[in-house]
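Here is a friendly briefing to read alongside the model. Please keep the sequence and the 3D view open as you go.

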Amino acid sequence: VMAQLHLQKMGCQVDTATNGQTALEKMRVKHYHLALMDCQMPVMDGYEAARSIREMETKNGHQTPIIAMTAKVLPGDREKCLDVGMVGFLAKPVEIDRLKATVTQYMPVK
């Protein structure tokens, strides 16, 4: 919720999904400039959602940057995120300056 509020203050339009399956369904019907993906979600976790999004995108030729958001920061967690097609990694709790820097790295913010 805090990340959502800060993104909105930055001028971002924010959609949310309560689980990975919902995130995948939303990305099937709408083009997003960036996705922040929680790795620990019910129904379908962020790893499987990212993998499925990448498979879907190979068909439509567009690739949305996916940034992992996770409380898991053990050795190998970052690599696991990159292996499923995520392009970045934010450890939770997310530091606001780091969130802003990561978002602006992947998309223009007004």
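Two strands pair if DSSP finds at least two bridges between them, and helices (H or I, at least four residues) and strands (E, at least two) are DSSP runs numbered from the N terminus. With that in hand, D38 stands opposite M69 in β2. This is a predicted model, in which local features need pLDDT of at least 70 and side-chain atom pairs count only at pLDDT 80 or more, while totals for chains, interfaces and linings use all residues. Residues are numbered from 1 along each chain as its sequence is written, and side-chain values use heavy atoms, leaving out hydrogens and water.

**The sheet**

- Three strands make up an open sheet, ordered β1-β2-β3, and their pairing is parallel.
- At the edges are β1 and β3 (88–91), each of which pairs on one side only.
- Neighbouring strands here are turned by 30 degrees against each other on average, direction ignored; the axes are lines fitted to C-alpha atoms, and angles run from 0 to 180 degrees between N-to-C directions.
- Strand β1 (residues 35–38) and strand β2 (residues 66–70) run parallel and are joined by four bridges.
- From β1 the chain passes through helix α3 (residues 46–60) to reach β2, a right-handed β-α-β crossover. Right-handed means that, with the strands pointing away from the viewer, the path from the first strand over the helix to the second runs clockwise.
- Four bridges also connect β2 and β3, again in the parallel sense, and M69 stands opposite L90 in β3.
- On β1, A35 and M37 belong to the covered face, whereas L36 and D38 belong to the uncovered one.

**Salt bridges**

- The whole structure holds four salt bridges, each defined as a side-chain nitrogen of Lys or Arg within 4 Å of a carboxyl oxygen of Asp or Glu.
- One of them joins K92 to D38, with the closest N and O atoms 2.8 Å apart. This pair links distant parts of the chain, 54 residues apart: K92 is in the loop between β3 and α5 (96–106), and D38 is in strand β1.
- How accessible are K92 and D38? K92 counts as partly exposed at 31% relative accessibility, and D38 is partly exposed too, at 23%. Buried means under 20% relative accessible area, exposed over 50%, and partly exposed in between (1.4 Å probe, protein chains only).
- Within helix α3, E48 and R51 lie three residues apart, about one turn of the helix, and their side chains meet in a salt bridge (2.5 Å, N to O). E48 is partly exposed at 33%, as is R51 at 34%.
- R54 and E57 form another salt bridge, their closest N and O atoms being 2.5 Å apart. These two are separated by about one helical turn because they sit three residues apart in helix α3.
- Are R54 and E57 buried or exposed? R54 is buried, with a relative accessible area of 10%, and E57 is buried at 5%.

- M2 is placed in helix α1 (residues 2–9) and counts as exposed, at 54% relative accessibility.
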